[in-house]
Structures are given as structure tokens and as C-alpha cells.
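Colleague: I would like to learn how to read the features of a model like this one. Please give the general idea, then the case.

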Amino acid sequence: MKALVMRAPGTNCDSEMVRALKTVGFDAPLVHINDVLREKNLSRYDVLVFPGGFSYGDYIRSGAIWGKKFVAVLKDELRDFVAAKKPIVGVCNGMQVLVEAGLIPRTADYPEAAMASNSLGYRCMWTWLRVEKNVCGIAGLYKKGEVLRVPIAHGEGRYTVAPGTEKKALAELEGNEQIVFRYCKPDGSPAGGEYPWNPNGSLSDIAGICNPEGNVLAMMPHPERASFFWQFPDWTLGEKREDGLRLFKGLAGSAGGKSGRSI
Amino acid sequence: MSDPELVKLSRDGQLSLSLEEMREIKKYFAAQKREPTDVELEAVAQTWSEHCGHKTFKGVFLTNDGEVCNIFKKYIAAATKKINAPWCFSVFEDNAGIVEFEGDWLLSFKAETHNHPSALEPFGGAVTGVGGVIRDILGAWGDPIANTDILCFGPLDFPDSKLPAGTKRPQYIHDGVISGIQAYGNNMGIPTINGAIYFDESYVGNPLVFCGCLGMLRKKHYVRRTKAGDVALLVGGKTGRDGMHGVTFASVELHEKSEETSRSAVQIGDPIEEEKIKRAMVRVREEGLASGTTDLGGGGLSSAVTETAQRTGGIEVHLDNVRLKYPMSEAWEIWISESQERMLLTVPPQNLERVTKIFESEEVEAVPIGIFNSSGKLRIKYKGAMVADLDLSFMFGSSFVQKTDARFTPKTHVEPAFSQPKDLTHALLKILGMPNVMSKRRVIQKYDHEVKGNTAIKPLHRAGPGDAAVLKPLDDSWKGAVLSNGFNPEYGKISAYWMAASAIDEAIRNNAAVGGRRFAILDNFSWGTPNKPENALALLDACRACYDFGVAFNAPFISGKDSLYNESPMGSIAHTLVISALGISPDVRKCVTMDVKREGNALYLVGETKQELGGSHYYKSMGYLGASVPQVDKEKAPAIVSALTSAIDSGAVRSCHDLSEGGLGVALAESCFAGGLGADVVLPKGMRSDFFLFSESNTRFVVETENEEKLKAAFKGLPLLRLGTVGGKRVRVAAEGKTIVDAGIDELRDAWEGVSK
């Protein structure tokens, strides 16, 4: 299985992403975006991964330049990849790229959502995530209602839609079972938009969502930073968690040809 | 030129050279039978600057007991030489100190100051401070893996009415500096894992910004063999007028008009450019294509090229090749510009094409600007003319020896007399809320301390402040790199010697508290002008302590930095020596954190508590300084530290927290609220209980254990005191049969977090 981990100038979460993917059995080449755009051959990969960072300095808007650059050259290839039900994962800056590229919340020519500035600015902190009822095969190893510990580190992670369309957008996301992770309190109860449980003020506490088909996952929290027990903040108490690694194990499973499924 | 004219030329041209040095230049050109060009004058000023030449440290100190020569060599380097640690790979040689880590992997470590730029333009000053120290790591072929930052500001509530003209508000400087560190470290993807913020009135006019960076490389990556015939390749951003006279500005005292005269000394940073350079540098080192590298920092091309040329014996530079941000006609401006994100590589001609290609593929410009030779000359050509033709022997052979007058009789201090306050709970809550002690969570969360996914022990552990951070940088090894810092400017107001000793002790005990050992340390001096004998003597005393306690702890200095002339209209800054320690942990799984773990576990106090409250935060909270500054026991301190290491290795230690500002009271409170459990503690007889609770004696720890016999065995023959047990949700301290502190852990945490009632 081959997972293409891409990097643009300013991408900086690639080494830990490659490590997590290799741990679950992927061949995970790290390729500069210029080479990806030159080769024009996405179909040779089983998975596409957009890691975190500050691509192109995140000037204009976070992820905007990378997203547009990608679509400008490889729009058809990218859509073929999505249509073939192959998984695409974007984490942090990668989520911003997927929104800007018009793949999240669904395939579209123009972005239908925005990753706005956090209500209280940049934060690097550990959050609690509740797994929602979802169609995302990548998240298939999690149980509904399970509470995960995963850290965030971003300044623009507030999932937002056009003013006045929030209700409709939410109804669609929920109807399609596209919301994969919500920020929550340690006991799993809703964050209700309240800081620090919801660290960025995102709509309906959204932390990660997938496309209606369930093969494109975008999330702000970093599962690759929560994949080994010693990365967790409380490991000296004796706990041996690997919350994030289970996402990659699920990715390996869904890359093996299984289509999206409801949990 | 007459003497007054020479002095005027040095001052008006911002050369920061003394009359003796100007005379030396005059003599050289008289022998050459020509006038110097402006490029030549600037080139000499850069090389001879305090920033590059460390004239004070390498000069002569006049004391009441006679002359002391070269305090760097006599104390700092001498300690390293005496220790002669086999695991030191390169010390004081490169842009960073390098030590062995695991297999053929090495760690490189360096800290820098960026004080004056941060006073004028806090964001830009901090940005370029971080960017600069990262380039120091790149300049020794390291891949940067962590940042640390220590910041000193004026009190945030300092009244505007007392601010000297031209001085910015402490809050403005504080916010700007922190944003700058955030912008650079986060965007480059280097975790900021350790640091401190300290407030003192002496920093109002002259804040301090210490930036440290840790890097990794393999032994084979370390290449330093530039030869005649190699190409000087300038890589990175374009050159502009930003950062003119940065190094000479560093050696001038700040004044009311600094903004007008020296604003151009602050550079503009671009972290994404440096991130791209880093990618290319790592590829070049892995393919072994270059023969050497150095960063462009203070003094720009002038320092980088001249210092490299000294190794081969000469160079001819073609300044026309340097890519410019906008047209610049003056050659000297190009030569000394400190534009950021530039590195110099030396490349054998046969590898030039491949190296250039690598930089091109990372979207970084790389242009050859000259060829090294063995002519003994620095020659610079620009627009068809020779604009500099200097003998390297002259540039590096200055006979000038700086003389520093350190004849001063230290002030005597007095101990305050007061009776023990009735309510020590109140005193403890007050100290927890003091700016130097209270939570730095709001700042820590602005820095990405998790990026790269290697941070095993974090700056905040659960809800409490960690003593040191631990990285696990290799996938196939459990070995950890442990980073900590120590400093206490308050002690320096009483004794610079004991301040330095305490800083070394603190850096090492912080490191040992999580399980670190085999310490390599950095000395980073920020001082007021050495032209005042009081400052000069304090500097000398601090260096003496560096030797005494570096040797005592078997901790070699591997790199360092001095920033003198930290003056403002409010006078000299408090003497500030920051010691950064790099330890290793053989197995990160055995590391210990500071939060108490389990109800019923026993709590012990390791180390000896003396009535040492001079410079303590207890005294400070009442407006006193005092005289009884904490000392360090040269024999016992290293023995206690190594006993703690054995205890941790044996598994006897469940939590460990070092005692620093606020002493036992603060450490106990922090460990408890971090772990979400209270404690019942009884203090021993023999010392006034407020003194025992808040003394800041060095080399002490609060240790939690499930196995008291094992712990006692590890500390056999060393001071170890059973305090009580973990349990409940309140911290209760009793002495002489009376409860002296009784507070809920939530109340203690709120006081520390600064939550208003």
C-alpha cells in the first residue's frame, strides 16, 4: 500500500505523519508538491495525505495557495481519485487545503466552507474528541461515542459556513453522517462551543468531517501526534493509549479496498 | 586624521571602535600608502566588534587583587578543558556546541540573545532572534529539533508616567516578543519546549530575549574542510538594507534616540524561507556535497566570508553576484547587511551543479559569490573595481587588548527583621500569584510544543509546570534529549558569584528532576556595561563561579554567548546569567514528571534547607531583598543529583519537582494541584517555619515514592527528610503542632493561574 505524503514549502508535520503511516504498514514516500504536479500521476498511489504546517506561509488564507495550486493542475486527477473511493486525509493545514480545494464538505468548484481564525487565537493544546455516527471508513476502528485525546495546534481551525446557512449546512452534514469528530468535554458531553473544550469556536464543535462518500477525511487535531503512548500528556500515570494510531490502522483497512461504511 | 577626528569617524559611522583601534587602522593604511575604502572600514569594524571579537571576555580585568587576563579562557573554557568529557564532539569551535547522543547521532545546542533589537521592535527582534539561532544550528550541519526561549521584561503594570522617553511599554514589548517567537518557531515547525519569563524593573528599558535551539546530525554530516578552490555559495533570501550595523548596535547603550538612529539595525524575518533552506541543507549534508557552511548573522557577509576565508587563507569575492531586494549602489551596504535567512556554503567546484539543483528544487536561490584561495587577502570586487584589499593577518591580528576596570568594593546587604506572619496560607497564595512564579500557560499554548511528535515530557504536565522537557528524537531508540534552564537575576543583586552558582545548580537540578544526566551546559551572559567597575567585577565573579560549579557538577560548557552594554536611561539591567542544560535520558520510559500520582504515597524533601532567603520571592513579596543569598555546596550538590538519578532509575520515584522561586511551599503546591491531589506535611523543628517553607536553598527536590526503603537506600548519607503523604484535596502544612498552611488545591491552582476571585 502506497500513501503519498505531500509537502509544500512551509509544510512541517510530515516526518511524524510518515512515521505513523509506516508504523501501520504503509509505504509512505514524502514528495515535494512541485514533483507531484510535474508527475501528474496520482493514480499510482492508494492514499493521498496532506500534512500540517504553514504551506506557502499561509498567506492570503490558510491552505488557500496549496489548495488552488493543486486544483489548477490536477483537478481531474484529484476528482478521479475521489470517485474511485480511494482515501484522502488532510490534517490541520491539510484540512484547510481540502476545504480550499473544494473537496470538503463535498466536491465542488468553489469552497463551500471556510476555516476561520480561532475565536481566541493560535493554540497548541490537548483536546478531547467524541466520535460521532459517521460514514467515514478511515475512522472505522473507532466506536461511536468514544472519547479520544488528540492535540491541536492551529490559529485558523474554526469550521465556518456562510452566515445564515448554518442550519441547512449542519442538517446536511448530519443527514449524510459526515461529522466524524466533535470537540467535547473529558466525559464526552458536548463542548457547546465553550473554551477550552472547543478550542477554536468551530460550528457545532466540529473537529473533523468527511465527504458524503466517506473517503475524504479532514480534521484539525493531529492524530500523528497521539499515536504512541509516550506522546500523550498523562503517560507517566501508566496509561498506554494510541488513539491516533487507530485512525491510521483504519486508513490502512479502508485503503485495502473497503468502501465507506456507517458505524 | 587627528585623534578627535578618528573618534568622530567611529561614532558617526556607527563603527563602535575605540580610539586605540582606530589608530591601529590608521597605521595599517599608512603603511599601505593609501586611504581605506568604506567597505574596508566596515569590514574591520565587523570583525573587531564586541559581538564578533568578544573583546571584554578576552581582554584584561583590573581588580583590587591585580590583573586577570582572558576570563573566557581562564574560567569558562578552562572548566571544559579540566572536565575533558569524551562525549564532547565540538566545543566553542562552531556556531553551536556539539555532543554525542546515540550511535553516530550527535546533538548540537546553542543559545543567542537578541536584546537591543527587541527593545526597538519587539516582534521583529524576537523573530530574527529565533531565526538566527536556528541558523546557528544549520551552520553546524544540524537539523533543528527544538527551541527554548527565556524572556525578561519590565513589570507589566509598570506605570506609563515613569517610562523614560523613547521606551516602549513592557506589555507592548512582552506581546510583540511572544508573537515573534510564535510566528517563527511555529511556522518553521520547530517545537518550543522549554523556557521562562521573568519580570524585573531593570528590564523596562532593555528587555532580554534569549533564544536557544537544539539540533541533530550524524558524525559523518559534520564537514569542516573548506579548501582553496572551493566556491563560496550564498543561499537563501535576497540582500537588502535591513539589519545595518546590527553587531555594532549591539555594543551601544540604548538611549532616547535609538529608534531614529538604529531602527535599520532590526531585520525582517521570513520563517518559510528558512524552512526551505533547512530542507535543502539537510539534503546537501546527507549527500555530502559541501565542504563547510556557516550562517549569515551578525556582520552579514562580512563576518561569514571573512571567518571562513581565514581557514583557507584568502578569498576573492564578486559582490555583483549577490542578489538584491532592490537596487543598492553602495558596496559596503551589501557587505554588512544582516538580511535574514541567508547561509554561506563552501562547495568543491565539481559538486556545485548538484548543490545548486537541490536548492533550486526547494525554491531557494543559491549564487556563487567568490572562490577561496590562499593569497592571505580578503579581496572584494564590485562593478569592475577592487573595493577591498585587506590582509587577513591584519583583520585577525589586532593587538588591541581591552582593559576593563573591575576595581570595586561590593555593597553590603542587610537581612530584614520581621516576625513570622500569622497567615502563611495567604503568603503562599500571594507568592504563587507573583509574575515570576505564576502560570505561563497562556504563553506556552501559543508556542507549538508538539510539532514533530517527539515531545515526551512537555512544558506543562497535566496542570503544572514541568522542570525540563524531554524529546525522543529517534524512531529506533528510547534515548531522550533533556532540556532545562536555570537563572535567577534576583540573587545577582546580592552576589553575582552565587547567582551564577545557583543558575548552574538550577539548570542541572531541573534536568535531573525528570531523569536527565550527563549535562552539557551553555552560558549566556546579559550584562550592563562593563565600563562600570561594579558590572565588571560582577562579570568576573560570575565567571569564577562558572568554573567552580561547572567543574563540581562535571558539566562542561559547550557554547555560550555574551551580550554586554544592556543599558537604558534607567541604568544597567540586573546581572543575568542564563544557564541552559542539555542532558540525556537513557530511556524516556523511565522519565518522571512533577505531578503527584497516588493517594497514600509518601513525600520526601531531598537536600538541605538552610536559612537562605536573600533574593527569595518570600522576601520580594514583602519588599525586601535581604543578604542571605542561596549558596551551593560543591561536594554535596553533585552527590545529591547523582543519588536522585539512581533513585529514578531504580523506579523509586513517582514524581519529582525541583525547589526554586518560592521554595518548598510553591513546589509542594504545584505538584499537588498538577496531580489533582492534596498532601499532609509536617515541617521539622529547628527553623522558623516561614523560613523553612520559603527558603530557596539550592539542590532540593520534593519526591513522591511508593517505596520508601528504596528511596532511602539511594540517598544514604545524604540529606533526606520525610515530609508526609499525598492525599485528599487540600494541602496542609503543620509545624510545631500547629497548622500553618491549609488550602484547597483548586484555590492554589487558581492563585497560580491568576484566576480572579
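Colleague: How much area do chain A and chain B bury between them, and what part of it is on carbon and sulfur atoms?

Modeller: This is a predicted model, in which local features need pLDDT of at least 70 and side-chain atom pairs count only at pLDDT 80 or more, while totals for chains, interfaces and linings use all residues. Residues are numbered from 1 along each chain as its sequence is written, chains are lettered from A and ligands numbered from 1 in the order in which they are written, and side-chain values use heavy atoms, with hydrogens and water left out. Buried area is the accessible area (1.4 Å probe) that two parts lose on being put together, summed over both. Chain A and chain B bury about 3,000 Å² between them, with 50% of it on carbon and sulfur atoms. The contact (heavy atoms within 4.5 Å) takes 34 residues from chain A and 40 residues from chain B.

Colleague: How many salt bridges are counted between chain A and chain B?

Modeller: A salt bridge is a side-chain nitrogen of Lys or Arg within 4 Å of a carboxyl oxygen of Asp or Glu. Between chain A and chain B the count is 4. D14(A) and R279(B) form a salt bridge through their side chains, at 2.8 Å from N to O.

Colleague: Which elements give two or more residues to the side of chain A that touches chain B?

Modeller: Helices (H or I, at least four residues) and strands (E, at least two) are DSSP runs, numbered from the N terminus. On that side of chain A, the elements are helix 1 (14-23), strand 2 (30-32) and strand 6 (123-131).

Colleague: Which salt bridge does K68(A) form?

Modeller: K68(A) pairs with E100(A), and their closest N and O atoms are 2.9 Å apart. K68(A) lies in helix 3 (residues 64-83) of chain A and E100(A) in helix 4 (residues 93-100) of chain A, so the pair ties together parts that are 32 residues apart in sequence. Over all chains, the structure holds 71 salt bridges.

Colleague: Where is the cis peptide bond that has P105(A) in it?

Modeller: That bond runs from I104(A) to P105(A), with omega near 5 degrees. P105(A) lies in the loop between helix 4 and strand 5 (114-116) of chain A. Another cis peptide bond joins Y195(A) and P196(A), with omega about 5 degrees. P196(A) lies in the loop between strand 9 (179-184) and strand 10 (206-210) of chain A.

Colleague: What is phi of S204(A)?

Modeller: Phi of S204(A) is near 55 degrees, a positive value in a residue other than glycine. S204(A) is found in the loop between strand 9 and strand 10 of chain A.
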